[in-house]
Amino acid sequence: MRKSIFGSITPTLSVLVLLIVAYAPLAAAAGSRSPLGSERARAAKPENDGKLRIIAFGAHPDDCEIRAGGVAMLWAAQGHHVKFVSTTNGDIGHFKMAGGPLAQRRTKEVQEAAEIFGIETEVLDIHDGEIMPTLENRKIFVKLIREWKADIVLGPRTNDYHPDHRYTGVLVQDAAYMVICPFFCPDVPHLKTNPVFLYFSDRFQKPNPFEPDLVVAIDDVIERKLDAMAVIESQFVEGGGSGNESRIPKNDRERAAARRRVRESFRRRFESTANQYRDKLIELYGEKKGKKIRYAEAFEVTEYGRRPSAEELKTKLFPFFEK
Ligand SMILES: [Zn+2]
């Protein structure tokens, strides 16, 4: 009986095996998360050294850098481990170039930024403008968080003008419980403790505005953060998808001038974050210091993942608020 069953399924199995062999290269390509910019990430094996482990997800190769480059440097300076993930490869984010060459260019830009920040970075090989909140992507996010053994996860809110930002936000939220479930993606060991999940700041008002729990002074690292902004030339010098020919520098002098403009415009932006959340800065740093802070980044704890006490948040997870 048993033999006859085997006999009857063997031809089907052989066809399946043939199909798998024939499509193996394609399957490998589809399953490989990141041919772009992953060497550094692969080289950085998580260690159990008692330091914090932070992973941030941004939709494009510049989002994490803008929203969290400063706090990343502050963590890194204390020996904590930070990784930025761009969930798309940015391959349509320019007015003049696109596809593989743009994805490679933008990967190099965030690698340069990561060198400045002293952190790891990875760019997923998903087309810009096309990330979807699928089961396949949920698994990728869960595995990245687990492999990094994250204590803290940062990502965008889902109120946003850009579909990639929205769906990156959804995917981070979708991972916020699944990372601790042992039988979801059992090939990567689940986390025993759920990380704390936080949102980057944004300006969207509906259905609810961003409300910061943490506003971090980045005065000590502002010049390096501006250096990093300036190396992301495809976006901030040349204008990305909404740029034009006149913005491409024709020589070193024009490039230096353009980079100076990028630095000044971001300087004003991080200054306005500090001014916007001045009350919170004073609450966190005390009256004297809080009033003097010039530049800041802000974060809101999500309702998903672990809910730390205010004390743990201020002293252990974001250990920057000496008064
Ligand atoms: Zn973006």
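# Reading the terms in this predicted model

Q: What makes histidine 60 and aspartate 63 part of the zinc site?
A: Both coordinate the zinc ion, together with His165.

Q: Why is the site of the zinc ion called irregular?
A: The angles among its four donor atoms run from 54 to 141°. A tetrahedral site needs all angles between 85 and 135 degrees, so this range rules that term out. The site is therefore classed as irregular. Water is not among the atoms, so sites may look incomplete.

Q: Which spacing do the donors of the zinc ion follow along the chain?
A: The pattern is H-x2-D-x101-H.

Q: Why does isoleucine 119 count as buried?
A: Its relative accessible area is 3%. Buried means under 20%, so isoleucine 119 is buried. The residue lies in the loop between helix 4 (100-117) and strand 3 (120-123). Alanine 72 is 47 residues away in sequence, yet the C-alpha to C-alpha distance is 7.4 Å.

Q: Why is the pair of phenylalanine 57 and phenylalanine 141 called stacked?
A: By the ring-pair rule, the count comes to 12 aromatic pairs. In this pair the ring centres are 4.7 Å apart, and the planes meet at 10°. Pairing requires centres within 6.5 Å, and stacking requires planes under 30 degrees apart, so both tests are passed.

Q: Why does this pair tie together parts that are 84 residues apart in sequence?
A: Phenylalanine 57 belongs to strand 1 (residues 53-58), while phenylalanine 141 belongs to helix 5 (residues 135-147), so the pair joins those parts. Phenylalanine 57 and phenylalanine 141 are both buried.

Q: What makes the pair of phenylalanine 320 and phenylalanine 321 edge-to-face?
A: The planes are 70° apart, and the centres lie 6.5 Å from each other. Edge-to-face requires over 60 degrees, so the term applies. Phenylalanine 320 has a relative accessible area of 12% and is buried. Phenylalanine 321, at 10%, is also buried. Ring pairs link both into a cluster with Trp75, Tyr285, Phe299 and Phe318.

Q: How do you know that the charged end of lysine 225 sits over a ring, and which ring is it?
A: The ring is that of phenylalanine 270, and its centre is 3.7 Å from the charged end. The distance limit is 6 Å, so lysine 225 falls inside it. The charged end of arginine 53 sits over the ring of tryptophan 148, 4.5 Å from the centre.

Q: What is the peptide bond between lysine 206 and proline 207, cis or trans?
A: It is cis, with omega about 0°. Proline 207 is placed in the loop between strand 5 (196-200) and strand 6 (214-217).

Q: What marks out phi of lysine 149 and of cysteine 185?
A: Most residues other than glycine have a negative phi. Lysine 149 has a positive phi, near 50°. Cysteine 185 also has a positive phi near 50°.

Q: Why do lysine 149 and cysteine 185 get their accessibility terms?
A: Lysine 149 has a relative accessible area of 37%, between the 20% and 50% cut-offs, so it is partly exposed. Its loop runs between helix 5 and strand 4 (152-155). Cysteine 185 has 6%, under the 20% limit, so it counts as buried. Its loop lies between helix 6 (163-178) and strand 5.

Q: Why does phenylalanine 236 count as buried?
A: Its relative accessibility is 16%, under the 20% cut-off, so the term holds. Phenylalanine 236 is in helix 8 (residues 233-236). Leaving aside neighbours within four places in sequence, its contacts include Asp62, Ile66 and Phe266. Alanine 258, 22 residues away in sequence, is 8.7 Å away, C-alpha to C-alpha.

Q: How many helices and strands does the protein chain have, and what share of its residues is buried?
A: There are 12 helices and seven strands. Of the 323 residues, 50% are buried. Among contacts between residues at least 6 apart in sequence, 80% join residues at least 24 apart.

Note on methods. Residues numbered from 1 in each chain as written. Predicted model: local features only at pLDDT ≥ 70, side-chain atom pairs only at ≥ 80, totals over all residues. Heavy atoms only, no water. Donors = N, O, S within 2.8 Å, 3.2 Å for Na, K, Ca; no water. Tetrahedral: all angles 85-135°; square planar, octahedral: opposite > 155°, others 65-115°. Helix = DSSP H or I, 4+ residues; strand = E, 2+ residues; numbered from the N terminus. Buried < 20%, exposed > 50% of the residue type's maximum accessible area, 1.4 Å probe, protein only. Contact = heavy atoms within 4.5 Å. Phe/Tyr/Trp six-rings, centres within 6.5 Å; stacked < 30°, edge-to-face > 60°. Lys NZ or Arg CZ within 6 Å of the ring centre and 35° of its normal.
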